[in-house]
Amino acid sequence: METTLGYQKYNLPDIEILNHPGDKFFHVWQPDKTYIVLGQSNKTESSVNIDAAQVDGISILKRPSGGESVILTPKNIVVAFLSNQEDYKKPLDFFKNSNQKIMRALEKWPGVKGLHQRGISDLSVDNIKIAGSAIYRSKNYLFYHCVINVAEEVSLIERYLKHPKREPDYRKGRKHSEFVTNLQNLGYQIDIPQLITHFETEFWD
Amino acid sequence: MRHIFKFPDIGEGLDEGTILEWYVKKGQSVEAGESLVKMETDKVVTDIPSPRDGVIAARYGSEGETINVGDPLVEIEMEGVEGEAAQEESKKIDEGEASKMETVEEEAAGVVGTLESAGNNAFLPASDEGVSVAETNEKPSQKKAIATPVARALAKELNVDINEVKGTGPGARVMKEDIQKYADSGSTNASNQGRRMLDEGPRVRIEPMSQMRKTIAKNMLRSKHNAAHMSVFDEVEASELIAIRSRFKDKFKADDIKLSYLPFIIKATAKALKKHPVLNSEMDMENGKMIYKNYVNIGIAVDTDDGLLVPVIQDADRLSIRELAVKINEIAEKARKREISMEDMKDGTFTITSFGSIGGKFAVPVINYPQAGILGIGRMAKQPVVKNDAVVPGNMLPLSMSVDHRIVDGGEVTRFLNQIMEYLGDPINLIMD
């Protein structure tokens, strides 16, 4: 019998910049534990391997933004940006601008090479994804958040998430294990607190 | 005056979105800028604000429904905008058509990008004050008629050009009765046809496309637009194959396994793919790379009541004829129960379509993009063939192959097909080779 597993409203630190606009225009943070985060239109049953999530006691949250479900863990970092509506003609430009900020920062340190924006909003090295992002547009603001896989093993994604219903063209039906990697697997040894400090410095400039 | 507000392009260049949540109900007052509905496109969730003050007169689409850019979202009854003011509003919109962006950003209160504004014909003046009927009728061919939805539907059904019809409703609006009268008057050739249609029922039936049909359409177009299709055809004399299958058919049946020719064809194709890896590859144009797959996953095109599905047999090259037969039986069972899932259809490296079971001989199959090729199997037929200088009866199996000519050239395709024919012509090679 199919079980319905509930979810909570997304209440993680990055959403604060949308809830309290004017305080900060970006936020970078490291998850304190593992979360499964559903996209706004995702359903738990079709996106999550419920049995595994239940056995492991993983919290499931639903974020306000679009896209497919993701896993957040202490081996990821999350970057969020907030902008006024009038600053961007198109959400795609906000994606592009935000992703470029992150790519430039990663290229500076730890010197990641071959970074591209692929699909609508992914960051990839060649055609392997290392980060995914999504946008929520409220009446006055554009809110962007991105999860970067610094060192989490992709087997964890396989464990908790089903194959997404929608996928970017470049994924070509590949399994999570063939489509996603982390920066550590690509040879970049990164201290996460140091990366957060680096991002904060970069984004303030 | 009523404003039909359509789902705008929110600037992603995508042509559809899903309704996540309605914030308004029919009869509810809204102000310009107030959120009407929460929509999701591929990655963006956005609140769509009302472009006008007014009362929601109609709401289109339910939560979870996917709609296209340009489809109506709501109709807003704009109180107090009548007569000359309505004309002014209509005029404003007409002017806006020429420079959509500027007008829209100002009017749509927060919607960025190009906004699909309602055109002149979407505005229905609420009264005829300030609207000269004579003036409206002077140049009927230059203006789009103002008409009720019922009248438009009837005009369509009766094949009447609504712009030719003189409206008798408020503000010269064309009413249902006007259309009927126009058709009955025999003013056009269409009227007789219209009467015939009324007698016989409508000549067309319009239904929304299923999600599967949309997906098939999208995939087929993607293939035709991106791959350089090229096809070759041949026939193989398959008497040996028939003999071997006959020998093992009953044995398999004892284990409740149905043995068709397909497991042999899959095995032959999988082995040929190992010898000709370019047919088991795909092209990554963007990065200037070829991706050669070291595994062979064969997709089998299955004709179901819902449409074409392509479940995949993973690592087909490593399976025996018996194991392949079992897999095919499983696929057939799943298809019968409508249980084929996305998981069953992913990661194919080459596709086989066996249309011969229905009756065709040759076809030009469409490549399951981004794969390099697809093999079509036609209906086997008894034909005279020449063997040892004598004309004898033969069993000819037609093969149709389409490939992406960007990836593979004619010579290699022919060698690949020859290899398959060698296996099928003398199936002992399937185990000896």
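Two residues are in contact when they have heavy atoms within 4.5 Å of each other; on that basis, residues 24 or more positions apart account for 72% of the contacts in chain A with a separation of 6 or more. This is a predicted model, in which local features need pLDDT of at least 70 and side-chain atom pairs count only at pLDDT 80 or more, while totals for chains, interfaces and linings use all residues. Residues are numbered from 1 along each chain as its sequence is written, chains are lettered from A and ligands numbered from 1 in the order in which they are written, and side-chain values use heavy atoms, with hydrogens and water left out.

**Chain A overall**
- Chain A holds seven helices and 10 strands, taken as DSSP runs (helices H or I, at least four residues; strands E, at least two) and numbered from the N terminus.
- Of its 205 residues, 58% are buried, where buried means under 20% relative accessible area, exposed over 50% and partly exposed in between, with a 1.4 Å probe and protein chains only.
- The accessible surface of chain A comes to about 9,000 Å², and 48% of this belongs to carbon and sulfur atoms; areas come from the Shrake-Rupley method with a 1.4 Å probe, and for residues only the protein chains shown count as cover.

**A sheet in chain A**
- Four strands of chain A form an open, mixed sheet in the order E1-E4-E3-E5, strands being paired if DSSP finds at least two bridges between them.
- Strands E1 (8-9) and E5 (70-72) of chain A stand at the edges with a single partner strand each, so one side of each is left without a neighbour in the sheet.
- Strand E3 (residues 35-38) of chain A runs antiparallel to E5(A) and is joined to it by three bridges, and Ile36(A) has Ile71(A) as its bridge partner.

- Lys346(B), in the loop between helix H11 (342-345) and strand E15 (350-353) of chain B, is buried at a relative accessible area of 12%.
- Leaving aside neighbours within four places in sequence, Lys346(B) is in contact with His163(A), Gly173(A), Lys175(A), Val312(B) and Gln314(B).
- The buried residues of H12(B) include Glu412(B), Phe416(B) and Tyr423(B).
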